[in-house]
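Here is a short briefing on aromatic pairs, charges over rings and nonpolar cores. The structure comes next.

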Amino acid sequence: MTGSPWIRRPRVLPEARLRLFCVPPAGAGPSFYARWLAELAPAVEVCLVHLPGRESRYGEPPVDDLDVIAARVAEAARPLLDRPYALFGHSMGALVAYEVAHRLPREPERLFVAGATAPHRPGTEPEIAHLPDAEFLARVRHGYDGIPDSVWANQELLRLLLPMLRADFAACERYRWPARTPLGCDIHACSGTGDHYVSQPELSGWGDLTTGRCTVDLIGHGHFNLVSDRAAVLRLVREHLGLVAALEGTRND
């Protein structure tokens with residue numbers, strides 16, 4: 001097991017064919033992908049990227065530099081590259097996953113990016129990380145559907161989450177694409193219909209960043225289709241990893 005706090009391996013699978021490193025969106029922790037562990041086993045070992053300032057790392061200061069985040073995640077992933085691997089990132093996590101792919105000694109089998117505009121395309125969203133607390137939180141809630149009703153109603157919890165949320169948005173807003181050489185792996189981009197954060201043409205821009213294949217899929221609805229339409233997203237992941245038969249065969253045993 002990795003000794004780094006940046007990657008959790010809740011379910012170690014020595015016989016897994018592939019490791020899938022999952023990077024959560026802004027404001028989320030590794031539990032965002034918790035239900036994927038069993039649903040992709042045993043062919044895939046899901047490794048959860050765990051950023052400071054959330055869940056069991058709540059006491060650590062959050063990092064507001066996406067390049068630093070990517071460098072630390074890549075460092076933690078290096079000891080786990082003894083078998084094929086893929087990366088999956090949602091929203092902010094997609095940018096982190098893309099940068100991690102460029103920092104590892106060999107490329108992933110696949111790069112999955114969900115709910116994110118390709119990083120070389122000019123951003124169209126207004127910057128909000130600098131706004132006063134109340135206005136910032138309102139923008140996150142209404143502009144990104146990023147704060148559930150249960151959390152919004154709990155002012156104490158909102159206050160605890162605020163530094164991490166602000167750091168995540170600052171990291172995304174400060175990030176600048178460094179004109180990298182295209183990857184060679186396939187990139188699979190997806191989002192939900194009606195996701196006002198990223199359009200289908202913006203998703204298609206990921207094709208510019210690889211010499212491999214790029215697929216674009218609209219699955220379910222909204223920016224957080226990974227939650228509301230998890231089964232459909234996982235089905236897409238299995239298909240692109242070529243593991244459908246293996247996984248279905250295991251379930252039928």
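Which residues do ring pairs link into a cluster? They are Phe 32, Tyr 33, Trp 36, Phe 88 and Phe 112. This is a predicted model: local features need pLDDT of at least 70, side-chain atom pairs count only at pLDDT 80 or more, and totals for chains, interfaces and linings use all residues. Residues are numbered from 1 along each chain as its sequence is written, and side-chain values use heavy atoms, with hydrogens and water left out.

**Aromatic pairs**

- Rings of Phe, Tyr and Trp (its six-membered ring) pair if their centres lie within 6.5 Å; planes under 30 degrees apart are stacked, over 60 edge-to-face, and the rest tilted.
- The count by this rule is eight aromatic pairs.
- Tyr 33 and Phe 88 pair edge-to-face, with 6.0 Å between centres and 75 degrees between planes.
- Tyr 33 lies in the loop between strand 2 (18–23) and helix 1 (36–40) and Phe 88 in strand 4 (residues 85–90), so this pair ties together parts 55 residues apart in sequence. Helices (H or I, at least four residues) and strands (E, at least two) are DSSP runs, numbered from the N terminus.
- Tyr 33 is buried at 0% relative accessibility, and Phe 88 is buried at 1%. Buried means under 20% relative accessible area, exposed over 50%, and partly exposed in between (1.4 Å probe, protein chains only).
- Tyr 98 and Trp 206 also form an edge-to-face pair, at 5.9 Å centre to centre and 70 degrees between the planes.
- Tyr 98 sits in helix 3 (residues 92–103) and Trp 206 in the loop between helix 7 (200–204) and strand 7 (214–221), 108 residues apart.
- Tyr 98 is buried, at 1% relative accessible area; Trp 206 is buried, at 0%.

**Charges over rings**

- A charge sits over a ring if NZ of Lys or CZ of Arg is within 6 Å of the ring centre and within 35 degrees of the ring normal.
- The charged end of Arg 57 sits over the Trp 6 ring, 4.7 Å from its centre.
- Arg 166 lies over the face of Phe 136, 4.8 Å from the ring centre.

**Nonpolar cores**

- A nonpolar core is a set of buried Ala, Val, Leu, Ile, Met, Phe, Trp, Tyr and Cys residues joined through side-chain atoms within 4.5 Å.
- The largest has 42 residues; Phe 21, Ile 69, Leu 87, Val 100, Leu 111 and Trp 206 touch the most other members.
- Helix 3 gives the most to this core, eight residues.
- A second, separate core has 24 residues, including Phe 88 and Leu 241.
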